[in-house]
Amino acid sequence: MRWLVLALLCLQLGEGIVRIPLRKSKSVGELMREKGVPEGVLKGLKGDPGRKYQFSDAVAYETLTNYLNSFYFGEISIGTPPQNFLVIFDTGSANLWVPSTYCQDPACVNHNRFNSSQSSTFSDIGVTYTLRYGFGDVSVVLGYDTVTIQNIIVRNQEFGLTLDEPSSPFYYLDFDGILGMAYPAIAISGYNTLIQNMMQQSQLTESIFSFYFSRNPTYSYGGEVILGGIDPQLYSGEITWAPVVEEVYWKIGIEEFAIGSSATGWCSQGCHGIVDTGTFLLTIPGQYMSAFLQALGVEENEDGFVVNCNYVPSMPSLSFVISGTQLVLPPSVYVLNVSNNGVCTVAVESTYVSSSSGQPLWILGNIFLRQYYSIFDIANNRVGFALSA
């Protein structure tokens, strides 16, 4: 029934607007446990959440910092005839890459791989590049081909074909690759991003895309990404618009952060927040993490930041003031019940990285975006939020 509703809504959205259903994976920790990976190995594989938001001309720093958590992904096709891939639609990076038959590592062989010899529209660029993660590097060689996302067809799109991938964690992931949707400033230089080519090739009705993440996601339905517009049936109330403060990431200003009814003052000199669909957790500036945990009564152990599940209903809400509007996260959103032993996990992490102009930096990942439908307005360089339906 859900898919019938989606099909009808797709018709209502109109030509030039495409809806892609998103699936939600299990946490990578769960997937690795199912494959028999020892707990000691899991606990030793911690990524560096800061590396994603540092970049240079030599390497591209990409997503997957929160790889022991869950991801949301959807389907695209590359080549002629089309070869299908499951990718993260990631507003925190800007490159498109998928596994390829050039790569013989177990992580590649265990996923869908692009075979350039089977595509009549493929052309080789031959340039190699490194996509750097907190726990290993992915090497790619660049090529051009046709990318298809339902009825959107982008021709001569540059993308990365993997040459090698580290087994941990890529071998265990449910998705194949990543489709970056951030600004060209953090893409491989000299080539158009997929979003740029969608606009230049008149594949979008409007220069806009939006995300809906279900509060009760499953593997078969975790949300939707809509290319070329918004769907008013997926949110309620007014849209709060925030201008992008730096056209690199989808980075906006945060005027205040409150715990319960108490303003913290942490953003009295201004904070920045990156709206990142490729990150699962809510990421807090490292200098405030200790005070944050103390205010919530949260303990840290080898499993993360935990609290007795019985205490969750009485925990305070978290509030961000963005463009003068208070956006609230109740504890039912930011606390996850992921075990059966009465212990709940607070879905946060910290980062040492500040914004490029020195402000404390927050990362508004899937936890925040479950509560708020998010709209990325390319033409006007702004991000919109409205309460999810």
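Colleague: How many disulfides does the count come to?

Modeller: Three disulfides, where a disulfide is a pair of cysteine sulfur atoms within 2.5 Å. This is a predicted model, in which local features need pLDDT of at least 70 and side-chain atom pairs count only at pLDDT 80 or more, while totals for chains, interfaces and linings use all residues. Residues are numbered from 1 along each chain as its sequence is written, and side-chain values use heavy atoms, with hydrogens and water left out.

Colleague: Why do cysteine 103 and cysteine 108 count as a disulfide?

Modeller: Their sulfur atoms are 2.1 Å apart, and the cut-off is within 2.5 Å, so the pair passes. In general, a disulfide is a covalent bond between the sulfur atoms of two cysteines. The angle about the S-S bond of cysteine 103 and cysteine 108 is 80°, and their link is right-handed.

Colleague: What makes cysteine 103 buried or exposed?

Modeller: Buried means under 20% relative accessible area, exposed over 50%, and partly exposed in between (1.4 Å probe, protein chains only). Cysteine 103 has 0%, so it's buried. Cysteine 108 also comes out at 0%, so that one is buried too.

Colleague: And what is the handedness of the link between cysteine 267 and cysteine 271?

Modeller: Left-handed, with -95° about the S-S bond. The sulfur atoms of cysteine 267 and cysteine 271 are 2.1 Å apart, so they pass the 2.5 Å rule. Cysteine 267 has 2% relative accessibility and counts as buried, and cysteine 271 is buried at 2% as well.

Colleague: Which parts does the pair of cysteine 309 and cysteine 344 tie together?

Modeller: That disulfide has an S to S distance of 2.1 Å. Cysteine 309 sits in the loop between E19 and E20, and cysteine 344 in strand E23 (residues 343-346), so the pair ties together parts that are 35 residues apart in sequence. A strand here is a DSSP run of E with at least two residues, numbered from the N terminus. Both cysteine 309 and cysteine 344 are buried, and their link is right-handed, with 110° about the S-S bond.

Colleague: Why do E18 and E19 count as paired?

Modeller: Two strands pair if DSSP finds at least two bridges between them. Three bridges join E18 to E19 (residues 304-308), so they qualify. Glutamate 300 stands opposite phenylalanine 305 in E19.

Technical notes:
Helix = DSSP H or I, 4+ residues; strand = E, 2+ residues; numbered from the N terminus.
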